[in-house]
Amino acid sequence: MPKKTASFEENLEELNEIVENLENGGSPLKKSLDEFQKGLDLIKQCSKELETAELKIRTVVKKDE
Amino acid sequence: MRIGKLFKKLYSEGKSNDTLDNSFNGEKNELMKELTKWCQDVAFKKDIPPYFVLQKKVLINIVNQLPKTKKELIEIKGIGKKRIESYGEEILKIVNNPRSFNMSGEGNPGLDEESQKQIKTSEPQKTEILTVEELTKYLKNLLESDGKLNNLLVRGEISNLTHHGSGHTYFSLKDKESQIKCVLFKWNKEGLGFDIEHGMKVIVGGSVEVYKPKGEYSIIVKDVQPDGLGSLNLAFNQLKEKLKKEGLFLDEHKKLLPLFPKTIGIITSSTGAALQDILNIIKKRYPLVEILIIPTLMQGKNATGSIVKSIKLMNEFSYVDVIILGRGGGSLEDLWCFNEEAVAREIFDSRIPIISAVGHETDFTIADFVADYRAPTPSAAAERVVPDIQELYGTLKNLYVRNVQAIKHLVETYRLDLNQILSRPLFKRPLDRIYAQHKELGHISYELHTNILNNVNSKRKQLEIIESKLSALNPKSILKRGYSIIMKDKKIVKVSSSVKISDNIDIILHEGKLNAQIKKIQKN
(Lines give C-alpha, C1' and ligand atoms only; values in the text may rest on other atoms or scores of the structure.)
Protein backbone atom coordinates (compact mmCIF):
# COMPACT_ATOMS: atom_id res chain seq x y z
CA MET A 1 0.00 0.00 0.00
CA PRO A 2 1.76 3.24 -1.00
CA LYS A 3 2.58 5.52 1.94
CA LYS A 4 1.01 8.94 1.98
CA THR A 5 3.62 11.64 1.36
CA ALA A 6 4.73 13.05 4.66
CA SER A 7 3.97 16.73 5.34
CA PHE A 8 6.66 19.29 5.87
CA GLU A 9 5.90 19.16 9.55
CA GLU A 10 6.29 15.39 9.72
CA ASN A 11 9.59 15.49 7.84
CA LEU A 12 10.93 18.15 10.13
CA GLU A 13 9.96 16.14 13.20
CA GLU A 14 11.63 13.02 11.90
CA LEU A 15 14.74 15.02 11.04
CA ASN A 16 14.92 16.37 14.57
CA GLU A 17 14.63 12.87 15.98
CA ILE A 18 17.40 11.56 13.78
CA VAL A 19 19.78 14.34 14.73
CA GLU A 20 19.03 13.95 18.43
CA ASN A 21 19.58 10.21 18.29
CA LEU A 22 22.89 10.69 16.55
CA GLU A 23 23.99 13.24 19.11
CA ASN A 24 23.14 10.89 21.95
CA GLY A 25 25.19 8.15 20.37
CA GLY A 26 24.63 4.57 21.38
CA SER A 27 23.60 3.19 18.04
CA PRO A 28 25.86 0.79 16.23
CA LEU A 29 28.04 2.30 13.52
CA LYS A 30 26.26 1.01 10.46
CA LYS A 31 22.87 2.10 11.72
CA SER A 32 24.23 5.51 12.61
CA LEU A 33 25.63 5.95 9.14
CA ASP A 34 22.31 4.96 7.60
CA GLU A 35 20.45 7.38 9.83
CA PHE A 36 22.88 10.13 8.91
CA GLN A 37 22.20 9.56 5.25
CA LYS A 38 18.48 9.62 5.88
CA GLY A 39 18.92 12.92 7.67
CA LEU A 40 20.67 14.37 4.66
CA ASP A 41 17.85 13.19 2.41
CA LEU A 42 15.22 14.74 4.63
CA ILE A 43 17.02 18.07 4.71
CA LYS A 44 17.20 18.03 0.96
CA GLN A 45 13.51 17.19 0.69
CA CYS A 46 12.42 19.91 3.08
CA SER A 47 14.55 22.52 1.39
CA LYS A 48 13.14 21.59 -1.95
CA GLU A 49 9.60 21.80 -0.65
CA LEU A 50 10.23 25.31 0.64
CA GLU A 51 11.89 26.42 -2.55
CA THR A 52 9.28 25.17 -4.95
CA ALA A 53 6.20 26.08 -2.91
CA GLU A 54 3.59 28.19 -4.60
CA LEU A 55 0.63 29.75 -2.83
CA LYS A 56 -2.63 28.14 -3.90
CA ILE A 57 -5.73 30.29 -3.53
CA ARG A 58 -9.34 29.23 -3.94
CA THR A 59 -12.49 31.28 -3.41
CA VAL A 60 -15.84 29.86 -2.33
CA VAL A 61 -18.87 31.34 -4.01
CA LYS A 62 -21.80 31.64 -1.66
CA LYS A 63 -25.28 31.38 -3.02
CA ASP A 64 -27.83 34.09 -2.29
CA GLU A 65 -25.59 36.90 -1.12
CA MET B 1 -31.91 42.79 7.31
CA ARG B 2 -34.84 44.96 8.04
CA ILE B 3 -33.27 48.37 8.18
CA GLY B 4 -32.33 48.67 4.54
CA LYS B 5 -35.79 47.79 3.44
CA LEU B 6 -37.30 50.12 6.01
CA PHE B 7 -35.21 53.07 4.91
CA LYS B 8 -36.34 52.48 1.38
CA LYS B 9 -39.92 52.52 2.50
CA LEU B 10 -39.56 55.66 4.56
CA TYR B 11 -37.99 57.47 1.69
CA SER B 12 -40.54 56.47 -0.85
CA GLU B 13 -43.57 56.87 1.29
CA GLY B 14 -42.51 60.14 2.79
CA LYS B 15 -42.46 61.63 -0.60
CA SER B 16 -45.95 60.63 -1.53
CA ASN B 17 -47.48 61.67 1.74
CA ASP B 18 -47.55 65.35 0.88
CA THR B 19 -50.19 67.63 2.26
CA LEU B 20 -53.42 67.22 0.40
CA ASP B 21 -54.51 69.74 -2.14
CA ASN B 22 -56.56 72.22 -0.18
CA SER B 23 -58.38 73.50 -3.18
CA PHE B 24 -61.02 70.83 -2.94
CA ASN B 25 -64.20 71.39 -1.09
CA GLY B 26 -65.45 69.01 1.51
CA GLU B 27 -66.87 66.27 -0.66
CA LYS B 28 -64.08 66.19 -3.12
CA ASN B 29 -61.58 66.50 -0.34
CA GLU B 30 -62.93 63.37 1.22
CA LEU B 31 -62.79 61.52 -2.08
CA MET B 32 -59.25 62.69 -2.59
CA LYS B 33 -58.34 61.40 0.82
CA GLU B 34 -59.92 58.05 0.10
CA LEU B 35 -58.23 57.68 -3.23
CA THR B 36 -54.88 58.64 -1.72
CA LYS B 37 -55.32 56.13 1.03
CA TRP B 38 -56.27 53.41 -1.40
CA CYS B 39 -53.20 54.28 -3.42
CA GLN B 40 -50.98 53.88 -0.40
CA ASP B 41 -52.58 50.58 0.54
CA VAL B 42 -51.98 49.16 -2.89
CA ALA B 43 -48.45 50.52 -2.91
CA PHE B 44 -47.72 49.01 0.44
CA LYS B 45 -49.10 45.63 -0.55
CA LYS B 46 -47.04 45.62 -3.70
CA ASP B 47 -44.00 47.09 -2.00
CA ILE B 48 -43.73 49.96 -4.48
CA PRO B 49 -43.93 53.74 -4.02
CA PRO B 50 -47.49 55.11 -4.26
CA TYR B 51 -46.73 57.28 -7.25
CA PHE B 52 -46.09 54.05 -9.11
CA VAL B 53 -49.72 53.20 -8.59
CA LEU B 54 -51.20 56.56 -9.59
CA GLN B 55 -49.63 59.96 -9.52
CA LYS B 56 -51.18 62.67 -7.41
CA LYS B 57 -52.17 64.79 -10.35
CA VAL B 58 -53.98 61.83 -11.84
CA LEU B 59 -55.93 61.45 -8.64
CA ILE B 60 -56.80 65.13 -8.82
CA ASN B 61 -58.06 64.62 -12.34
CA ILE B 62 -60.18 61.71 -11.25
CA VAL B 63 -61.68 63.71 -8.44
CA ASN B 64 -62.46 66.55 -10.76
CA GLN B 65 -63.95 64.50 -13.50
CA LEU B 66 -65.67 61.81 -11.48
CA PRO B 67 -65.68 59.06 -14.14
CA LYS B 68 -68.56 56.62 -13.87
CA THR B 69 -67.41 54.03 -16.36
CA LYS B 70 -64.13 52.54 -17.42
CA LYS B 71 -64.51 54.34 -20.71
CA GLU B 72 -64.61 57.66 -18.95
CA LEU B 73 -61.71 56.57 -16.82
CA ILE B 74 -59.51 55.88 -19.81
CA GLU B 75 -60.02 59.43 -21.03
CA ILE B 76 -58.42 60.82 -17.92
CA LYS B 77 -54.84 61.81 -18.49
CA GLY B 78 -52.32 59.67 -16.73
CA ILE B 79 -54.21 56.41 -16.69
CA GLY B 80 -53.26 53.90 -19.32
CA LYS B 81 -54.76 50.59 -20.29
CA LYS B 82 -52.61 48.64 -17.91
CA ARG B 83 -53.68 50.65 -14.93
CA ILE B 84 -57.29 50.45 -15.99
CA GLU B 85 -56.96 46.70 -16.03
CA SER B 86 -55.25 46.51 -12.66
CA TYR B 87 -57.10 49.23 -10.78
CA GLY B 88 -60.03 50.41 -12.88
CA GLU B 89 -62.77 48.64 -10.98
CA GLU B 90 -61.52 49.64 -7.60
CA ILE B 91 -61.14 53.27 -8.59
CA LEU B 92 -64.64 53.43 -9.97
CA LYS B 93 -65.99 51.81 -6.84
CA ILE B 94 -64.38 54.44 -4.67
CA VAL B 95 -65.42 57.32 -6.90
CA ASN B 96 -69.00 56.23 -7.15
CA ASN B 97 -69.55 54.83 -3.72
CA PRO B 98 -67.66 56.98 -1.37
CA ARG B 99 -67.43 55.44 2.05
CA SER B 100 -69.79 57.30 4.25
CA PHE B 101 -70.06 57.04 7.96
CA ASN B 102 -72.76 55.35 9.88
CA MET B 103 -75.33 58.03 10.28
CA SER B 104 -77.39 56.74 13.11
CA GLY B 105 -78.01 59.53 15.50
CA GLU B 106 -78.09 57.10 18.41
CA GLY B 107 -75.00 58.36 20.03
CA ASN B 108 -76.43 61.80 20.57
CA PRO B 109 -79.18 61.63 23.19
CA GLY B 110 -79.02 65.26 24.03
CA LEU B 111 -80.68 66.40 20.79
CA ASP B 112 -84.39 66.41 20.19
CA GLU B 113 -85.94 64.70 17.29
CA GLU B 114 -86.08 67.84 15.22
CA SER B 115 -82.41 68.51 15.54
CA GLN B 116 -81.65 64.93 14.85
CA LYS B 117 -83.68 65.08 11.69
CA GLN B 118 -81.80 68.16 10.71
CA ILE B 119 -78.54 66.37 11.35
CA LYS B 120 -79.70 63.43 9.27
CA THR B 121 -80.65 65.42 6.25
CA SER B 122 -77.62 67.73 6.19
CA GLU B 123 -74.50 66.92 4.24
CA PRO B 124 -73.21 63.52 5.52
CA GLN B 125 -69.56 64.45 5.83
CA LYS B 126 -70.13 67.53 7.94
CA THR B 127 -72.36 66.68 10.87
CA GLU B 128 -72.27 62.92 11.43
CA ILE B 129 -72.46 61.83 15.01
CA LEU B 130 -70.28 58.89 15.87
CA THR B 131 -70.05 56.56 18.79
CA VAL B 132 -66.84 56.35 20.67
CA GLU B 133 -66.38 52.84 19.41
CA GLU B 134 -66.93 53.92 15.84
CA LEU B 135 -64.46 56.71 16.18
CA THR B 136 -61.92 54.45 17.82
CA LYS B 137 -62.42 51.82 15.17
CA TYR B 138 -61.92 54.46 12.53
CA LEU B 139 -58.75 55.67 14.14
CA LYS B 140 -57.51 52.10 14.57
CA ASN B 141 -58.18 51.36 10.95
CA LEU B 142 -56.63 54.58 9.82
CA LEU B 143 -53.45 54.11 11.80
CA GLU B 144 -53.02 50.39 11.37
CA SER B 145 -53.52 50.31 7.66
CA ASP B 146 -51.11 53.12 7.01
CA GLY B 147 -48.05 51.60 5.45
CA LYS B 148 -45.73 54.12 6.99
CA LEU B 149 -46.91 53.23 10.46
CA ASN B 150 -46.59 49.56 9.87
CA ASN B 151 -42.87 49.29 9.65
CA LEU B 152 -41.50 52.16 11.61
CA LEU B 153 -38.09 53.16 12.74
CA VAL B 154 -38.18 55.69 15.52
CA ARG B 155 -35.34 57.29 17.34
CA GLY B 156 -35.75 58.33 20.94
CA GLU B 157 -34.85 57.88 24.55
CA ILE B 158 -36.22 55.21 26.83
CA SER B 159 -38.10 56.26 29.91
CA ASN B 160 -40.77 54.94 32.27
CA LEU B 161 -39.37 51.52 31.81
CA THR B 162 -41.39 48.79 33.51
CA HIS B 163 -40.95 45.06 33.36
CA HIS B 164 -44.27 43.39 33.78
CA GLY B 165 -44.67 40.13 35.60
CA SER B 166 -45.92 38.63 32.36
CA GLY B 167 -42.49 39.03 30.84
CA HIS B 168 -43.47 41.91 28.62
CA THR B 169 -41.74 45.25 28.92
CA TYR B 170 -43.48 48.61 28.70
CA PHE B 171 -41.75 51.93 28.20
CA SER B 172 -42.09 55.34 26.67
CA LEU B 173 -39.94 56.51 23.83
CA LYS B 174 -39.43 60.20 24.10
CA ASP B 175 -37.56 63.17 22.79
CA LYS B 176 -37.66 66.86 23.62
CA GLU B 177 -41.15 67.48 22.27
CA SER B 178 -43.09 64.28 22.50
CA GLN B 179 -43.35 60.81 23.69
CA ILE B 180 -45.06 57.64 22.61
CA LYS B 181 -45.90 54.48 24.48
CA CYS B 182 -44.12 51.27 23.51
CA VAL B 183 -44.60 47.66 24.37
CA LEU B 184 -41.95 44.99 23.90
CA PHE B 185 -43.51 41.56 24.11
CA LYS B 186 -41.66 38.67 25.68
CA TRP B 187 -41.19 36.86 22.40
CA ASN B 188 -39.45 39.78 20.77
CA LYS B 189 -36.92 40.19 23.52
CA GLU B 190 -34.65 37.32 22.72
CA GLY B 191 -33.37 38.59 19.42
CA LEU B 192 -32.27 41.88 20.97
CA GLY B 193 -28.83 40.91 22.23
CA PHE B 194 -28.84 43.43 25.03
CA ASP B 195 -31.07 44.73 27.82
CA ILE B 196 -32.71 48.08 27.36
CA GLU B 197 -32.23 50.52 30.18
CA HIS B 198 -33.80 53.73 31.28
CA GLY B 199 -32.24 56.68 29.54
CA MET B 200 -30.78 54.65 26.70
CA LYS B 201 -30.90 56.22 23.30
CA VAL B 202 -32.26 53.72 20.84
CA ILE B 203 -33.81 53.20 17.46
CA VAL B 204 -37.04 51.26 17.79
CA GLY B 205 -38.52 49.22 14.96
CA GLY B 206 -42.14 48.16 15.04
CA SER B 207 -45.68 49.20 14.15
CA VAL B 208 -48.37 51.42 15.60
CA GLU B 209 -51.41 49.85 17.15
CA VAL B 210 -54.49 51.31 18.75
CA TYR B 211 -55.60 49.68 21.94
CA LYS B 212 -59.34 50.30 21.86
CA PRO B 213 -60.28 49.69 25.49
CA LYS B 214 -57.93 52.42 26.62
CA GLY B 215 -58.07 54.67 23.63
CA GLU B 216 -54.30 54.59 23.42
CA TYR B 217 -51.96 54.25 20.52
CA SER B 218 -48.59 52.67 21.02
CA ILE B 219 -45.75 51.10 19.15
CA ILE B 220 -45.56 47.33 19.19
CA VAL B 221 -41.79 46.94 19.27
CA LYS B 222 -40.16 44.27 17.15
CA ASP B 223 -36.58 45.39 17.26
CA VAL B 224 -34.39 47.75 19.23
CA GLN B 225 -30.96 48.96 18.23
CA PRO B 226 -28.64 51.06 20.29
CA ASP B 227 -28.35 54.58 18.96
CA GLY B 228 -25.19 56.53 19.29
CA LEU B 229 -21.89 55.68 20.91
CA GLY B 230 -23.12 55.81 24.47
CA SER B 231 -25.77 53.21 23.85
CA LEU B 232 -23.47 51.12 21.72
CA ASN B 233 -20.88 51.05 24.44
CA LEU B 234 -23.49 50.11 26.98
CA ALA B 235 -24.76 47.28 24.83
CA PHE B 236 -21.19 46.17 24.26
CA ASN B 237 -20.46 45.98 27.97
CA GLN B 238 -23.71 44.20 28.68
CA LEU B 239 -23.04 41.48 26.15
CA LYS B 240 -19.43 41.17 27.19
CA GLU B 241 -20.45 40.58 30.81
CA LYS B 242 -23.14 38.14 29.84
CA LEU B 243 -20.90 36.00 27.67
CA LYS B 244 -18.03 36.22 30.11
CA LYS B 245 -20.28 34.86 32.83
CA GLU B 246 -21.22 31.98 30.59
CA GLY B 247 -17.53 31.21 30.24
CA LEU B 248 -17.22 31.79 26.53
CA PHE B 249 -13.98 33.72 26.98
CA LEU B 250 -12.16 31.11 29.10
CA ASP B 251 -8.72 29.99 27.99
CA GLU B 252 -9.59 26.36 28.34
CA HIS B 253 -12.04 26.68 25.46
CA LYS B 254 -9.46 28.19 23.18
CA LYS B 255 -8.07 25.77 20.64
CA LEU B 256 -4.38 25.67 19.80
CA LEU B 257 -3.34 27.01 16.43
CA PRO B 258 -1.54 24.47 14.22
CA LEU B 259 2.19 25.08 13.80
CA PHE B 260 2.29 24.13 10.16
CA PRO B 261 -1.19 24.63 8.72
CA LYS B 262 -1.89 23.04 5.36
CA THR B 263 -5.08 24.89 4.55
CA ILE B 264 -6.02 28.35 5.83
CA GLY B 265 -9.57 29.67 5.59
CA ILE B 266 -10.06 33.41 5.28
CA ILE B 267 -13.40 35.09 6.02
CA THR B 268 -13.24 38.69 4.93
CA SER B 269 -14.51 41.16 2.39
CA SER B 270 -13.38 40.38 -1.11
CA THR B 271 -12.80 44.05 -1.78
CA GLY B 272 -11.01 45.26 1.35
CA ALA B 273 -7.31 45.82 1.75
CA ALA B 274 -7.28 43.24 4.53
CA LEU B 275 -7.47 40.30 2.14
CA GLN B 276 -4.58 41.51 0.00
CA ASP B 277 -2.45 42.23 3.05
CA ILE B 278 -3.03 38.75 4.40
CA LEU B 279 -2.34 37.06 1.07
CA ASN B 280 0.84 39.02 0.45
CA ILE B 281 2.25 38.23 3.84
CA ILE B 282 1.44 34.53 3.67
CA LYS B 283 2.88 34.30 0.17
CA LYS B 284 6.10 35.80 1.36
CA ARG B 285 6.38 33.87 4.58
CA TYR B 286 5.11 30.40 3.84
CA PRO B 287 3.72 29.68 0.37
CA LEU B 288 3.34 25.99 1.16
CA VAL B 289 -0.27 26.48 2.22
CA GLU B 290 -3.55 26.44 0.39
CA ILE B 291 -5.89 29.36 0.99
CA LEU B 292 -9.67 29.09 0.94
CA ILE B 293 -11.52 32.42 0.82
CA ILE B 294 -15.20 32.93 1.62
CA PRO B 295 -16.13 36.53 0.69
CA THR B 296 -18.26 37.97 3.47
CA LEU B 297 -19.90 41.27 4.35
CA MET B 298 -17.88 42.96 7.07
CA GLN B 299 -20.20 45.84 7.99
CA GLY B 300 -23.76 46.92 7.72
CA LYS B 301 -26.94 45.29 8.87
CA ASN B 302 -26.45 42.15 6.85
CA ALA B 303 -22.92 41.55 8.09
CA THR B 304 -23.96 39.57 11.15
CA GLY B 305 -25.86 37.00 9.15
CA SER B 306 -23.17 36.89 6.51
CA ILE B 307 -20.41 36.21 9.02
CA VAL B 308 -22.43 33.52 10.79
CA LYS B 309 -23.10 31.83 7.47
CA SER B 310 -19.47 31.98 6.44
CA ILE B 311 -18.19 30.44 9.65
CA LYS B 312 -20.73 27.63 9.35
CA LEU B 313 -19.77 27.06 5.74
CA MET B 314 -16.05 27.08 6.42
CA ASN B 315 -16.54 24.44 9.11
CA GLU B 316 -17.98 22.13 6.50
CA PHE B 317 -14.58 21.85 4.85
CA SER B 318 -12.92 19.31 7.06
CA TYR B 319 -9.41 19.97 5.77
CA VAL B 320 -9.26 23.63 6.82
CA ASP B 321 -6.80 23.88 9.72
CA VAL B 322 -7.36 27.43 10.88
CA ILE B 323 -9.58 30.42 10.03
CA ILE B 324 -8.73 34.09 9.89
CA LEU B 325 -11.74 36.35 10.40
CA GLY B 326 -10.65 39.87 9.72
CA ARG B 327 -11.15 43.34 8.37
CA GLY B 328 -9.46 46.71 8.55
CA GLY B 329 -10.16 49.46 11.03
CA GLY B 330 -13.39 51.39 11.40
CA SER B 331 -15.74 53.11 13.81
CA LEU B 332 -17.64 51.34 16.56
CA GLU B 333 -20.66 51.28 14.30
CA ASP B 334 -18.66 49.87 11.41
CA LEU B 335 -17.28 47.08 13.56
CA TRP B 336 -20.58 46.49 15.36
CA CYS B 337 -21.30 43.13 13.74
CA PHE B 338 -18.28 41.72 15.61
CA ASN B 339 -20.03 42.62 18.84
CA GLU B 340 -23.19 40.74 17.97
CA GLU B 341 -24.16 37.77 20.09
CA ALA B 342 -24.85 35.56 17.08
CA VAL B 343 -21.34 36.08 15.74
CA ALA B 344 -19.78 35.47 19.14
CA ARG B 345 -21.64 32.20 19.58
CA GLU B 346 -20.78 31.02 16.10
CA ILE B 347 -17.10 31.68 16.73
CA PHE B 348 -17.34 29.74 19.98
CA ASP B 349 -19.05 26.81 18.30
CA SER B 350 -16.54 26.61 15.47
CA ARG B 351 -14.70 23.30 15.34
CA ILE B 352 -11.84 24.95 13.49
CA PRO B 353 -9.71 27.43 15.47
CA ILE B 354 -10.48 31.05 14.59
CA ILE B 355 -8.13 34.01 14.67
CA SER B 356 -10.02 37.26 15.12
CA ALA B 357 -8.27 40.12 13.34
CA VAL B 358 -10.63 43.03 13.48
CA GLY B 359 -9.75 46.67 13.17
CA HIS B 360 -6.83 48.47 14.63
CA GLU B 361 -4.37 47.72 17.41
CA THR B 362 -6.47 49.14 20.20
CA ASP B 363 -9.95 48.05 19.12
CA PHE B 364 -11.31 45.14 21.04
CA THR B 365 -14.49 43.50 19.92
CA ILE B 366 -16.43 40.67 21.52
CA ALA B 367 -15.26 38.47 18.67
CA ASP B 368 -11.72 39.12 19.90
CA PHE B 369 -12.58 37.79 23.36
CA VAL B 370 -14.30 34.66 22.11
CA ALA B 371 -11.85 33.76 19.37
CA ASP B 372 -9.10 31.22 19.87
CA TYR B 373 -6.53 33.91 19.17
CA ARG B 374 -6.73 37.66 18.78
CA ALA B 375 -4.52 39.48 16.34
CA PRO B 376 -4.42 43.26 16.43
CA THR B 377 -4.63 43.53 12.63
CA PRO B 378 -5.18 41.23 9.64
CA SER B 379 -1.48 41.52 8.80
CA ALA B 380 -0.54 40.46 12.32
CA ALA B 381 -2.85 37.48 11.94
CA ALA B 382 -1.09 36.44 8.75
CA GLU B 383 2.24 36.61 10.51
CA ARG B 384 1.02 34.55 13.43
CA VAL B 385 -0.73 31.87 11.45
CA VAL B 386 2.25 30.64 9.42
CA PRO B 387 5.94 30.20 10.23
CA ASP B 388 8.57 32.29 8.48
CA ILE B 389 10.27 30.52 5.63
CA GLN B 390 13.58 32.25 6.39
CA GLU B 391 13.51 30.88 9.90
CA LEU B 392 12.78 27.45 8.52
CA TYR B 393 15.77 27.64 6.20
CA GLY B 394 17.83 28.58 9.25
CA THR B 395 16.49 25.63 11.16
CA LEU B 396 17.27 23.26 8.32
CA LYS B 397 20.79 24.58 8.02
CA ASN B 398 21.27 24.19 11.74
CA LEU B 399 20.01 20.64 11.60
CA TYR B 400 22.38 19.91 8.72
CA VAL B 401 25.35 21.13 10.71
CA ARG B 402 24.27 19.16 13.76
CA ASN B 403 23.73 16.07 11.67
CA VAL B 404 27.23 16.23 10.22
CA GLN B 405 28.85 17.03 13.53
CA ALA B 406 27.06 14.19 15.20
CA ILE B 407 28.14 11.58 12.70
CA LYS B 408 31.68 12.90 12.65
CA HIS B 409 31.85 12.69 16.39
CA LEU B 410 30.45 9.20 16.35
CA VAL B 411 32.91 7.98 13.76
CA GLU B 412 35.76 9.61 15.64
CA THR B 413 34.76 7.89 18.83
CA TYR B 414 34.74 4.52 17.15
CA ARG B 415 38.08 5.24 15.52
CA LEU B 416 39.63 6.06 18.89
CA ASP B 417 38.31 2.84 20.30
CA LEU B 418 39.77 0.94 17.42
CA ASN B 419 43.12 2.62 17.75
CA GLN B 420 43.25 1.89 21.38
CA ILE B 421 42.78 -1.75 20.68
CA LEU B 422 45.32 -1.72 17.94
CA SER B 423 47.93 -0.14 20.16
CA ARG B 424 47.95 -3.13 22.49
CA PRO B 425 51.01 -5.40 22.34
CA LEU B 426 49.04 -8.19 20.84
CA PHE B 427 48.76 -6.14 17.70
CA LYS B 428 51.87 -4.06 17.92
CA ARG B 429 54.37 -6.95 18.46
CA PRO B 430 52.39 -10.05 17.89
CA LEU B 431 55.60 -12.19 17.51
CA ASP B 432 56.86 -11.32 20.94
CA ARG B 433 55.28 -14.30 22.46
CA ILE B 434 56.59 -16.49 19.84
CA TYR B 435 60.07 -15.17 20.38
CA ALA B 436 59.72 -15.75 24.04
CA GLN B 437 58.66 -19.28 23.45
CA HIS B 438 61.31 -19.61 20.92
CA LYS B 439 63.90 -18.48 23.36
CA GLU B 440 62.69 -20.78 25.99
CA LEU B 441 62.70 -23.57 23.56
CA GLY B 442 66.26 -22.73 22.74
CA HIS B 443 67.20 -22.86 26.36
CA ILE B 444 65.58 -26.11 26.89
CA SER B 445 67.06 -27.43 23.76
CA TYR B 446 70.50 -26.41 24.87
CA GLU B 447 70.04 -27.84 28.24
CA LEU B 448 68.73 -30.97 26.79
CA HIS B 449 71.72 -31.29 24.57
CA THR B 450 74.10 -30.47 27.31
CA ASN B 451 72.52 -32.87 29.64
CA ILE B 452 72.61 -35.60 27.15
CA LEU B 453 76.12 -34.91 26.23
CA ASN B 454 77.12 -34.93 29.84
CA ASN B 455 75.25 -38.05 30.34
CA VAL B 456 76.89 -39.70 27.42
CA ASN B 457 80.29 -38.50 28.43
CA SER B 458 80.00 -39.74 31.91
CA LYS B 459 78.76 -43.02 30.70
CA ARG B 460 81.54 -43.16 28.23
CA LYS B 461 84.00 -42.51 30.94
CA GLN B 462 82.52 -45.24 32.97
CA LEU B 463 82.68 -47.42 30.03
CA GLU B 464 86.30 -46.57 29.47
CA ILE B 465 87.09 -47.37 33.01
CA ILE B 466 85.35 -50.61 32.80
CA GLU B 467 86.91 -51.23 29.47
CA SER B 468 90.35 -50.75 30.79
CA LYS B 469 89.52 -52.85 33.76
CA LEU B 470 88.17 -55.35 31.53
CA SER B 471 91.05 -55.02 29.27
CA ALA B 472 93.35 -55.58 32.14
CA LEU B 473 91.44 -58.59 33.03
CA ASN B 474 91.49 -59.85 29.53
CA PRO B 475 93.32 -63.11 29.62
CA LYS B 476 94.83 -62.28 26.34
CA SER B 477 96.54 -59.29 27.97
CA ILE B 478 97.77 -61.50 30.67
CA LEU B 479 99.05 -63.87 28.07
CA LYS B 480 100.69 -60.88 26.47
CA ARG B 481 102.59 -60.40 29.64
CA GLY B 482 104.05 -63.86 29.28
CA TYR B 483 101.61 -65.97 30.99
CA SER B 484 100.11 -68.96 29.30
CA ILE B 485 97.02 -71.05 29.79
CA ILE B 486 97.50 -74.79 30.23
CA MET B 487 94.65 -76.94 29.17
CA LYS B 488 94.16 -80.61 29.48
CA ASP B 489 91.34 -82.23 27.81
CA LYS B 490 89.77 -78.88 27.15
CA LYS B 491 89.91 -78.06 30.80
CA ILE B 492 92.07 -75.35 32.26
CA VAL B 493 94.81 -76.68 34.54
CA LYS B 494 94.93 -74.58 37.65
CA VAL B 495 96.68 -76.92 40.11
CA SER B 496 99.50 -79.42 39.66
CA SER B 497 97.45 -82.23 40.91
CA SER B 498 95.25 -81.96 37.90
CA VAL B 499 98.01 -83.54 35.77
CA LYS B 500 100.28 -86.49 35.87
CA ILE B 501 103.58 -87.13 34.36
CA SER B 502 103.47 -87.62 30.62
CA ASP B 503 100.02 -86.09 30.30
CA ASN B 504 99.52 -84.23 27.06
CA ILE B 505 98.76 -80.62 27.67
CA ASP B 506 97.99 -77.70 25.48
CA ILE B 507 99.76 -74.54 26.18
CA ILE B 508 97.98 -71.51 24.88
CA LEU B 509 100.32 -68.69 24.39
CA HIS B 510 99.41 -65.11 23.59
CA GLU B 511 100.37 -66.00 20.09
CA GLY B 512 100.07 -69.63 19.09
CA LYS B 513 99.54 -72.82 20.82
CA LEU B 514 102.03 -75.41 22.12
CA ASN B 515 101.59 -79.01 22.67
CA ALA B 516 103.74 -80.53 25.50
CA GLN B 517 104.22 -83.44 27.74
CA ILE B 518 104.64 -83.23 31.46
CA LYS B 519 108.09 -84.23 32.59
CA LYS B 520 108.08 -83.20 36.08
CA ILE B 521 105.66 -82.00 38.70
CA GLN B 522 106.54 -79.80 41.52
CA LYS B 523 104.13 -79.09 44.19
CA ASN B 524 104.20 -75.84 46.23
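A: In this predicted model, the axes of helix 14 (residues 303-315) and helix 15 (residues 341-349) of chain B come within 9 Å and cross at roughly 10 degrees. Because angles under 35 degrees count as roughly parallel, helix 14 of chain B is roughly parallel to helix 15 of chain B. Helix 14 of chain B contributes B:Thr304, B:Ile307, B:Val308, B:Ile311 and B:Lys312 to the contact, and helix 15 of chain B contributes B:Ala342, B:Val343, B:Glu346 and B:Ile347. By class, six of these residues are nonpolar, one is polar and two are charged.

Setting aside neighbours within four places in sequence, B:Ile347 is in contact with B:Ile311, B:Leu325, B:Ile354, B:Ala367, B:Val370 and B:Ala371. In the largest nonpolar core, which has 51 residues, B:Ile347 is among the four that touch the most other members, together with B:Phe171, B:Ile196 and B:Leu325. This core draws at least three residues from each of domain 2 (144-226) and domain 3 (237-387) of chain B. A second, separate core has 43 residues, including A:Phe36, A:Ile43, B:Ile293 and B:Ile407.

The loop between helix 15 and strand 9 (354-358) of chain B holds B:Ser350. B:Ser350 counts as buried because its relative accessibility is 3%. Leaving aside neighbours within four places in sequence, the contacts of B:Ser350 are B:Lys255, B:Ile311, B:Asn315 and B:Ile323. The C-alpha atoms of B:Ser350 and B:Asn315 are separated by 6.7 Å, although the two residues are 35 residues apart along the chain.

Note on methods. Residues are numbered from 1 along each chain as its sequence is written. Chains are lettered from A and ligands numbered from 1 in the order in which they are written. This is a predicted model: local features need pLDDT of at least 70, side-chain atom pairs count only at pLDDT 80 or more; totals for chains, interfaces and linings use all residues. Side-chain values use heavy atoms; hydrogens and water are left out. A nonpolar core is a set of buried Ala, Val, Leu, Ile, Met, Phe, Trp, Tyr and Cys residues joined through side-chain atoms within 4.5 Å. Buried means under 20% relative accessible area, exposed over 50%, partly exposed in between (1.4 Å probe, protein chains only). Domain bounds come from an automatic or database domain assignment. Contact means heavy atoms within 4.5 Å. Axes are lines fitted to C-alpha atoms, for helices over the stretch in contact, and angles run from 0 to 180 degrees between N-to-C directions. Helices (H or I, at least four residues) and strands (E, at least two) are DSSP runs, numbered from the N terminus. Angles under 35 degrees count as roughly parallel, over 145 as roughly antiparallel, 65 to 115 as roughly perpendicular and the rest as oblique. Ala, Val, Leu, Ile, Met, Phe, Trp, Tyr, Cys and Pro count as nonpolar, Asp, Glu, Lys and Arg as charged, and the others, Gly among them, as polar.
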